[in-house]
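Open the model in your viewer and keep the selection tool at hand. This tour goes from one selection to the next and says what is there at each stop.

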Amino acid sequence: MRLAFTQTLERIALILLYCGGLMVLIQATWISYGVFMRYVLNDPDGMVTEATALMLVPVAFFGLAYALSKDAYPKVTLIRDLMSLKVQGILDRTNLITMIMIGVFFSVAACKATYKSYYSGAASEILLWPRFYFWLPVAISLIIFTLLAMMRFINYQPPSSQDFADREDT
Amino acid sequence: MEWYVVGLGLLGLLIFFICIGLPIPFALAAASVPFLLNIQSLSTSMVTAELKLWGVWVDYILLSVPLFVLLGELIGRSSIGPNLYWFMHSKVPIRGAAAYGSIGACAGFGAVCGSSMVGSLTIGGVALPEMLKLGYNKRLSSGVLAAGGTLSVLIPPSLILLFYGIVTDQSIGELFIAGVVPGFILVSFFIIIVAVWGWMRPQDIPERDSSNPIPWGLALSAILPVIIIGLIITISIYTGIATPTEAAGVSCVATLIMAVSVGGLRWEGFLGALRATMQTMGYLGLLLSAGVLFGFVLTYYQVPQQFTELFSSMGLSPYLVLIAIILFYVILGMFLEPVSMTFITLPTLYPLVAASGFDLIWFGVIYTITMEVAVLTPPVGLNLYVIQALARKEITIIDVIIGCLPFIGSLILLLALMIMIPDIALWLPGIMD
């Protein structure tokens, strides 16, 4: 059950990641089109600047959960590695709890922003695109990230002496 | 609360979290949130976080970050880098051609990629096994390639200069252009180091390189993309035709087309590039979001201003302040990677640099060079480990570190030259103005 839920979250993280990748490609193409229209057809595209900038908001968060699933966040483990295996286990759990708390903080902030922008109808400055469209993917990305961090905490296996020996070998 | 209590408290918490192995973006957020809650209630803090997230990410300049990251990943997964290296040393009738070729390929790759690690990995992945096979000394080979990767962050486009410009609110275009001349000087220094190394230790470089000649078609498929993409980025920014974000967008599309058509990029490589880009963005997204909260707390308590005033009141010579800052970054760079350092320390330190009367465009290049030193110094020298991982059985990390020493020396020499002759960086942006 726990494994299936974790795998589902990782699958959603991958889907979000590719959504972000697709948006980056759209941004690159749209910007190139904007430059082409401005210089070649002398008919500047009035949407490109704000539209692509707005799209950056979800792009910034779409990769969060995937980075967590790949343990890709930079960290300094010099001191942690010097500790005994028991202390390393305690530190890892402490770190995961801190990550969950930070995830919850940002998730709640993003969910509140999504809710408020939906009901207030807040829109972007020039194109008047509803902010809700951009907050919703941010909130989803942050919730998936937080859930994944929770599952990592629940599934956490403390480092064993075998892991330690393997690391020494490499 | 007094500003120094907040400053020391933030710093202490941050160091604590980093030392226990908490990933850096979370350490930054975890250090900021207690102070944020001291200023505001929880619900107001949420609103602050919401406003700050929206404010920082709806930014057209920041949009160039994922575009330049994707550009580097696409190039890195195509055969353009390996073919560029092959072209650079193929049938070059001089002793040490493979080493010079590595430097040339790293510089060429640097003109299309802004990440030092991608630069080292791409060129190093093909050049290191070949140099070892040809009989080059392992310390020379690993040193050339680890240091060569750092050219990517000085020659535009540079991700470090981009982040520096975002944090200090300086023109990204001017920063990129300011890196061009120091980049070429650094390439010359690296070439001189290889020549001197060969002269002092002739046994470290084989008499002749028996490499296969590169077919002309393949050579063109490597050179043309680098020239075209490099020109799109530098010329369009230099002449003001396009903003750095537009240059990033156009060059990204051009890179994709060329990587697929002549660079041998396949579907799996393309997906890999997208995954790597979004993974980097996942880290940067949280780092920058946590960074703005950190910055908000610092600014609320006026820590950067008070810190600058404190230093100014000491009456220290501006150059003493500058040397202290450079030393601080070189030491910090031994433990932190450049992007994190940029978002953690720069908001507090750059007002001090400005107050000391230094040009912030010039300091951007100085800062980038210190970041290059950072990726070459243990224990957290990213490029050292990247290169060692490419030939784990033949090369030890000590070999890479020793091999890098002359190149680190040349980076320090470049720093000294830049301090003595600031026009090395400011001349080209001056003409641009």
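Helices here are DSSP runs of H or I with at least four residues, strands are runs of E with at least two, and both are numbered from the N terminus. This is a predicted model, in which local features need pLDDT of at least 70 and side-chain atom pairs count only at pLDDT 80 or more, while totals for chains, interfaces and linings use all residues. Residues are numbered from 1 along each chain as its sequence is written, chains are lettered from A and ligands numbered from 1 in the order in which they are written, and side-chain values use heavy atoms, with hydrogens and water left out.

Now select residues 159–168 of chain B, which are helix H9: nine of the ten are buried, so this helix is largely enclosed by the rest of the structure. Buried means under 20% relative accessible area, exposed means over 50%, and partly exposed lies in between, with a 1.4 Å probe and protein chains only. Among the buried residues are B:Leu159, B:Phe163 and B:Tyr164. Just after the helix, look at B:Asp169, which takes a positive phi of about 60 degrees.

Move on to residues 360–374 of chain B, helix H18, whose 15 residues reach 20 Å from the first C-alpha to the last, close to the 21 Å expected at 1.5 Å a residue; the expected span is 1.5 Å times one less than the number of residues. Is H18(B) enclosed or open? Of its 15 residues, 15 are buried, so H18(B) is largely enclosed by the rest of the structure. At its start, a side-chain oxygen of B:Asp359 comes to within 2.7 Å of the backbone nitrogen of B:Ile361.

Next select B:Ser78, in the loop between H4 and helix H5 (80–89) of chain B, which counts as buried because its relative accessibility is 6%. Its side chain has a polar atom 2.8 Å from the backbone oxygen of B:Ile75, and a polar atom of the B:Ser78 side chain also lies 3.2 Å from the backbone nitrogen of B:Ile80. Leaving aside neighbours within four places in sequence, B:Ser78 is in contact (heavy atoms within 4.5 Å) with B:Ala259, B:Gly263 and B:Leu265.

For the aromatic rings, the count is 26 pairs over all chains, where rings of Phe, Tyr and Trp (its six-membered ring) pair if their centres lie within 6.5 Å, and planes under 30 degrees apart are stacked, over 60 edge-to-face and the rest tilted. Select A:Trp129 and A:Phe134, whose centres are 6.2 Å apart and whose planes are at 10 degrees, so the pair is stacked. Then compare B:Phe328 and B:Tyr329, an edge-to-face pair with 5.3 Å from centre to centre and 65 degrees between the planes.

Finally, show the whole of chain B, which has 21 helices and zero strands, and whose C-alpha atoms fill a box of roughly 70 × 45 × 45 Å along the principal axes.

Key:
A polar contact is a pair of N or O atoms within 3.5 Å; within protein, one must be able to donate a hydrogen and the other to accept it, and residues adjacent in sequence count only if both atoms are side-chain atoms.
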